Structure formats: structure tokens, C-alpha cells
Amino acid sequence: MQRLMAKRVAVLVEQQYHELELWYPVYRLREAGCAVTLVGPEAGKTYPSKLGYPAKADAAAHAVSAADF
């Protein structure tokens, strides 16, 4: 896990996401020392999961590039 320290990672979020597909990777990557950015269609918007759990996008997809991560 040492290889992941200080890496920047994007995780995509959208309406009706599946909770385990979003939160499990987010928490595991953060545990490993990664800076995780939730990327959605609109920055600052909160997206509900299939069960209603909220996830707020940190950045908009159009405003980031693969080189940022």
C-alpha cells in the first residue's frame, strides 16, 4: 500500500449509484493515503444512491482531466 501514498484518485458518482461500488473504494483508497476526489456531472451537487445515501461531487467531469489524477 505504500505505493499509493499521496496519489490523487478520481471516483465517479452519478444518480442512483450503488453504495458499495462508491464508498468501499473511496474509504479503502483514503486508508491507503490517497487523496480521493468524487467527480460527477456537476461540482457541489449531491447525488443519491439507490437507497438514498448522499454523495457530494467535489468536481465536475468537464473540469478535470486524467492528467490531474
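**Entry 1: helix 1 and its cover**

I looked up what covers the buried residues of helix 1 and found that the cover includes strand 1 (8-12), strand 2 (35-40) and strand 4 (54-56). I worked on a predicted model, in which local features need pLDDT of at least 70, side-chain atom pairs count only at pLDDT 80 or more, and totals for chains, interfaces and linings use all residues. Residues are numbered from 1 along each chain as its sequence is written, and side-chain values use heavy atoms, with hydrogens and water left out.

I noted that helices (H or I, at least four residues) and strands (E, at least two) are DSSP runs, numbered from the N terminus.

I listed Glu19, Leu22, Trp23, Val26 and Leu29 as buried in helix 1. These buried residues fall within an arc of 155° seen down the helix axis, so they line one face; the arc is that of the directions from the axis to the C-beta atoms. On the face turned away from the buried side I found the exposed residues Leu20, Glu21, Tyr24 and Glu31. Buried means under 20% relative accessible area, exposed over 50%, and partly exposed in between (1.4 Å probe, protein chains only).

**Entry 2: Ser49**

I located Ser49 in the loop between strand 3 (46-48) and strand 4. Ser49 counts as buried because its relative accessibility is 1%. I recorded a polar contact of 2.5 Å between the side chains of Ser49 and Glu19. A polar contact is a pair of N or O atoms within 3.5 Å; within protein, one must be able to donate a hydrogen and the other to accept it, and residues adjacent in sequence count only if both atoms are side-chain atoms.

Definitions and conventions. Contact = heavy atoms within 4.5 Å.
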